Amino acid sequence: MTAPDPPAARARPRLEPRVVTCPGCGANLKQRDEATRFVVCAYCSAHLELSDVEAKVLGGAGKPPRRLDYEVGDFFVWVGARYVVAARLVFVDAEDHGNDGSGSATVEYMLFSPRRGTLYLDHDDGEWLLSHPVHVMPRCDDPFALDEGARVETHDGERWVLDDACTSRLVYVDGALPWIARVGDRVDFATFRSVHDRSIGYEVERDSGETEFNRFRVVSRDELARAEQTKRGAPPRASDEPVDSSGAAGADDDPVMAQIVGARTTARWLRWLAGMSAVFVLLNLGLAARASGRGSVAFDRTFQPGERPVPAAVPAPQSATTAAPPSPARPDARADAGRAVDAVGPPGPVDPAEGVTPEPPEPPEPPEPPEPPEPEEVPIQGGVERLTDSFDIAAAGLVRIDLSADQLRDAWASVDLALVQEDDAVTHIVDGDLAYYDDDDFPSSGSKTDTLYLWIDDPGPHHLLVRTMGGRGESETPGDLPAPLRVKVVQAVASPGPFLLVAALIAALTVVLFLIGGASERRAARLASDEEEEPESEP
Amino acid sequence: MTVREIICPTCGAPRRVTNPGTLMVVCEFCGSAVFWDAEQVRAAGRKAALSEGFTRLYRGATGTLRGKRFVAEGRVRYSFGRGFWDEWHLRYADGGDGWLTEDNHELCVETRVAGATPPSGRFDKLTVGGVEFVVEERGEAECIGGEGELPCVAVPGTRYAYVDGSSPDGKHSVGVEYDASPPTVFVGDWLVAEDLTLDDEGEDWE
């Protein structure tokens, strides 16, 4: 429950701009800042001193001595408050007598917000400075008498170095001011920069015996572009309007502007999200690359074309295709290896020793005519199998097998691999394919490498059963390896797969966000364009 | 609550004045300054009404100033030759009152310091309540007009000399008004926008 309003309380009156009739040309000039004491007629450039009841001509001035970046009536939004360019002043060095402002000059825009007061935006020596009045004083008697580079401390404990001290002369003014400004007025300035940060400054200004103090900061062109709006409250320019906790000033009571601001805000957020998504894509790609590089080499060997199977150091030839006798020491390994190769190649001959119970002899059948002899088995058909030396895999985890054939050209190679744990004959089977062609039809197509992954639960001694085959050109008939093949087993690796998957998903999301953001931006531009085509309601 | 009923001597319009400290009102109908003199209501003989403009404060505004509820009962405008400043008279919910000075849209809340005496002659520094102040401006003020209810008589055209200053740390202000003998001394605090909240902040520029 709130206390009742006191008797003197009343609602805010509707405020109409004060209309001042220019004595020079008769134009009606609307003044919204009731503290205005000085105004330049926008039509005849007469300088008018306003009392509470009349306007008195002080003099006249022509056009600005140079093209000024902003017009009287332009708006800026700073920290959520809307400021109007109420006046423009051009100062030159007082000692530069021939300078009418078309040469080196400082342009000062007085910005006024009925809610927040006055700011000054200065364009000086290529820098944009935004300043506001303060009352903090320097710890020195006369800041204007200091030499350039002198250090001064203010009473709030800040330390400054004198950047420039000069006397300026007003050569041009327009708009409306709460004080009377006359062309030719001289103002002393002492400009200091923070000893810690040159983008922050402090200024002492002396005008007609009155001393004032300001603090300023350098404003980047981008920040300026974000803060500026078009003249007389029209929709913002293409530049983005800053977002603050209070929302975009001026949008509350203008539905079209609210739509524009909303669309721009949406587009900006979507672009930001898309940018963040792109960062995550890169991050996941980096993690994938890092994962790919992890691990230690457990086995590394290059198999040459024409290389025939050699007896392995490990007993128990597990090849089924060569019908090697089983190893009595490792029957399971042999069986597993047999299954392995069964899975990747043609079945081998049946081992008669494998538990076949002889049945009673049957009466002999009449002899059949002998079948024609089978063709002699050529080892190269169906691949060449090799049994590798034993190597250790130290710990359970992911194992990567890198296949590479650097000299592969206009040929293909296929590799079947069985990784066998020698203690308990656990076998993992994988296969890889390499093909590389480089001709007019397919320049640099295919790959000379392949990467395979296995998850190993049982560390310990392992060996590989490797079967290779290949062919040249477009031949589909398997033959020997067409080029040396390097097989490298890397243990304790991390798989890049999950990272690549996440990267792909986020990349897709990024594209979607960009597309939606672009559509939102186009919508805002269309609304702004439609709005700008409408005539201004105020001349 | 004491309510005074007054009749404007110029136009006859009635007016209810609830603040016992009010010494002057500006007639809403004819703009005449009306004040009490020896228990009589008299017209100051000058039009005193100010046009209302696009300001943050307005007569009748309610809000909170540094946590204290207030109503802006009236305003006096002074000219210093090259510009204006306004002094808003605030009545606080606890019964106290004070002045809010608005000069070039800078706000300063001030309180009269009873018994304070500034140095005689021209001075560049003065100490009030143990705080040292540096003079920033001196000049002659002319009352332009007023509106609402005021605890003083501010007759348009009245002139007096003044000295304004600040503490070197920029936090406090001082004002010396040579409108009486001895001069009236006010001290105050410079405000930032967040110190003041109005119940109706109004709208931005159209």
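What follows is a short chat about strands and their pairing in a predicted model.

Me: What does chain A hold in the way of helices and strands?
Reply: In this predicted model, chain A has four helices and 26 strands.

Me: And how many of its residues are buried, as a percentage?
Reply: Chain A has 539 residues, and 32% of them count as buried.

Me: What share of the contacts in chain A comes from residues 24 or more positions apart?
Reply: Taking the contacts in chain A with a separation of 6 or more, 65% are between residues 24 or more positions apart.

Me: Let's turn to the open sheet of four strands in chain A; what is the order?
Reply: The order in that chain A sheet is S17-S26-S20-S24, and the pairing is antiparallel.

Me: Which are the edge strands?
Reply: They are strand S17 (296-303) and strand S24 (449-456) of chain A, each of which pairs on one side only. From one strand to the next, the twist averages 15°.

Me: How many bridges are there between S20 and S26 of chain A?
Reply: Strand S20, residues 397-404 of chain A, is joined to strand S26, residues 485-493 of chain A, by six bridges in the antiparallel sense, and within this pairing Leu398(A) has Val493(A) of S26(A) as its bridge partner.

Me: Remind me, through what do strands of a sheet pair?
Reply: Strands of a sheet pair through backbone hydrogen bonds, and they may do so either parallel or antiparallel.

Me: Where does strand S3 of chain B pair?
Reply: Strand S3, residues 24-26 of chain B, runs antiparallel to strand S12, residues 131-150 of chain B, and two bridges join them; Met24(B) has Leu150(B) in S12(B) as its bridge partner.

Me: Which residue takes a positive phi in the hairpin of S11 and S12 of chain B?
Reply: Gly129(B) does, with a phi near 60°, in a hairpin that has two residues between the strands. Strand S11 itself, residues 125-128 of chain B, is joined to S12(B) by four bridges and runs antiparallel to S12(B), and Lys125(B) finds its bridge partner in Val134(B) of S12(B).

Terms used:
Residues numbered from 1 in each chain as written. Chains lettered and ligands numbered in written order. Predicted model: local features only at pLDDT ≥ 70, side-chain atom pairs only at ≥ 80, totals over all residues. Pairing = 2+ DSSP bridges. Axes fitted to C-alpha atoms, helices over the stretch in contact; angles between N-to-C directions. Buried ≥ 20, exposed ≤ 12 C-beta atoms within 10 Å, placed from the backbone. Contact = placed C-beta atoms within 7 Å.
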